[in-house]
Each structure stands twice: as C-alpha cells, then as structure tokens.
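Dear colleague,

I am handing over the structure below, and my notes on it follow. Please read them with the coordinates open.

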Amino acid sequence: MTGSLQKKNGKYYAVINIYQNGNRKQKWIDTGFAIKGNKMRAEKALREILVQYESSEIPIASDTDFADYVSHWLDSVKNKIETDTYESYVETVKVHIDPYFRKLNRSLESLTRADIQSYIDIKASSGRIDGKGGLSATTLRRHSVIIHMVFDLAIKENLIKYNPCELIELPKAKKYEAKFCDRDDINKLLTVSRDEEIYPIIFITVSLGLRRSEVLGLRWQSVDLNHDMITINNTVVKHTTTVEKERTKSKSSNRTLPLNASAKELLLQVKAKQDDNRRFFGNGYHESDYVFTRADGTLYNPDYITHTFSKILKKNGLEHVRFHDLRHACGGILMSEGCTLKDVQTYLGHANISVTADVYGHLDLSRKRMLSDKMSFEV
C-alpha cells in the first residue's frame, strides 16, 4: 500500500492507492489537520491510515492490466530512489510505456517475451514523439530496464513465475565520437562569448574539465581562494525539476583540483559581481552558497545552460558541439600537452582509467612517439 500527503482547501489529505478488481484507484482521506503547523501530525496520520488499509487491502490479481501494474510499481519505488531518477521513470512511463500497453490492453500475466520484443522493435523504428524515426539504443535500454523491474516486482509479489524480459534483444548502441576542440578552438570560443551571461561557466567548465552538473553544483565553501584549490563535491541536475545533490556522479568524481591564476581571477570577478547583485536586489536576492547563479541569486536550470551555449555557437558561426564536449576539450588539450592518461583520469574524475583510454587514448601521440623512438634500430 502506498500513499502521499496532499494539500487541499487548507487541509492535509492522505491520498492512498487502492487496487480493486485489477484497477488502480486513488482515495482521498481528510486527516483532520490544517496545513499550517501540522505537517508532522499529518504525516503520522498518513502512516496510521496506510497501516489500517494494508490490513484490509484486496490483493492485486495476476490478471491486473499491465499498464495499471506499472503505476503500482512506480508507487513502490518513489521513496526508494533519487528524485531525478524517479522523474525520469515517470516521464518514460507516461510518454511511452503506458500509452503503448494501455492500448494493447493486456493483463500482467498474459504478456510474453514476444510482446516485450515487439514493443522494443516498434520503438526502435518509430518511437520518437516528433515522428522523426526511432528511439536510440541507449534510450531503449532504459525502457527495458524499467519493464524488467516491473516484472521483477510481480515475481516478488507472487503474481507471475518468470520475467518475460529475459533474453530480449536490444539494438546495438552506436558509439558516440566526441568532438575535440583544440586550444585555438577554445580561445576563439572564449573570445566571442566574453560578454555572454554564461561566459564564466564556460570558462571554468573547460579549465577544470567539469560536467554540467558539477560546474552548476560548485559552492563557495568548496573554493579555497587563499590556497588556490577547489573541491568538486556537489552537483545540480535536472529532469522534470532541478535537484541539488550533496554528492558527485561517483566516488572518483569527488576530487580536489588546484586553481590556476586565470581561473582564480575569474572566480574573484564572479564573487564581486554576486556582491554587487546582492546589494542591488536587497531583500529580493535569493541567498545561497552556489558559485554560479542568476543575477537575483536563483539557480540556473541546467537545460538553460545547454540551450544558451548552442545559441552562442550558432550566433558566432562556430561548429556545433555539445556543452559536455568542453570537458572533452579539456582532456584533449591535456593530452596534447604531454599529460598521461592517468593524469587526465585524475583531473577529470573518471571512475577508472579504461574510460579515459576509451575517450582519449587515440590522442596520446606524444607518448607513443616517445615509445616508438625508444625502439628505433639502425637499418
């Protein structure tokens, strides 16, 4: 049994999900508590209501419509996973999985491996919402993971005996060939974007080789301007909403880097600008510890950075590259300057050196030439 607190007419309501005759329904129950000052009491009431209904809940049947059971699965994982992960699941279900299987009108127990394979094949050929072809192999892998987890829950709840997602054939993913900007490309980009709002973000991203989530997650408490060091230990991500995380993508992504003179100078300028904005907006300024914010102190939407970056490239006649390719540019320039793969792995925070080698190995020309020279013999 799952449920949540909702606000309505100045009061807290417990909204619980009930399954009857294979159909999912929501029941709104007045907790009796006004919204102001009663959140903890209302949460306690919700827990008590859930316990009460769980004792009398009608079990989900194996002939439940599959689309309804997917909603049940979403409810079951909501409080067990990251917010942005849950939002991505909800969007995938809402846009793709639910419409397809609701139209198919099949029960949970009746679906076969062939049915799931048909879903994958159809989405691969014509799954895009804009009608411009199929979904990518990477996207379809995410779909298959969701559907697999739905059936795993059904097995756990003793509704089915095997997972029909086993042995599903997924299209092979095409390896993305990153575009590497050299030092001249980056100097040109920095020149044409110098007066742009996101120039400081572009500068620090390419200087430190940061991910978008990492540069937007930078906090002043992690910037040591006295000792010229910066620690990457927070991120800001977005799916449906912007989510702040007090951690990075992986343990190795959490790293401390030295600040070169130009990066330090730029951060001092950003800090001074924030102080000016704080005085200008007064009480309307949104206080936070984040390094990169809008003029009024609010956080940037990550997608805004990506879209604005693309507009800057187009406006100035520069070749289109992804914002993430600034990180690749950093790694590529380090390699061209004679740094080792291990150096680049540490600087960029890759989980293991095989990732670094896969992306930048072909750029390691200077060291390969050095090794080749060592094996030179007289002809």
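What percentage of the residues of the protein chain count as buried? Of the 379 residues, 42% do, where buried means under 20% relative accessible area, exposed over 50% and partly exposed in between, with a 1.4 Å probe and protein chains only.

Please keep in mind that this is a predicted model, in which local features need pLDDT of at least 70 and side-chain atom pairs count only at pLDDT 80 or more, while totals for chains, interfaces and linings use all residues. Residues are numbered from 1 along each chain as its sequence is written, and side-chain values use heavy atoms, with hydrogens and water left out.

The secondary structure comes to 14 helices and eight strands, taken as DSSP runs (H or I of at least four residues for helices, E of at least two for strands) and numbered from the N terminus.

Leaving aside neighbours within four places in sequence, Leu-267 is in contact (heavy atoms within 4.5 Å) with Ile-204, Trp-220, Val-223, Leu-225, Ile-230, Leu-259, Val-291 and Phe-292.

Three strands form an open antiparallel sheet in the order S4-S5-S8, where two strands pair if DSSP finds at least two bridges between them; strand S4 (223-224) and strand S8 (255-258) are the edges, each pairing on one side only.

Salt bridges (a side-chain nitrogen of Lys or Arg within 4 Å of a carboxyl oxygen of Asp or Glu) come to 16. In one of them the side chains of Arg-294 and Glu-197 meet at 3.9 Å, N to O; because Arg-294 lies in the loop between H9 and H10 and Glu-197 in the loop between H6 and H7, the pair ties together parts that are 97 residues apart in sequence. Arg-322 forms another with Asp-325, the closest N and O atoms being 3.2 Å apart; Arg-322 is partly exposed at 33% relative accessibility, whereas Asp-325 is buried at 0%.
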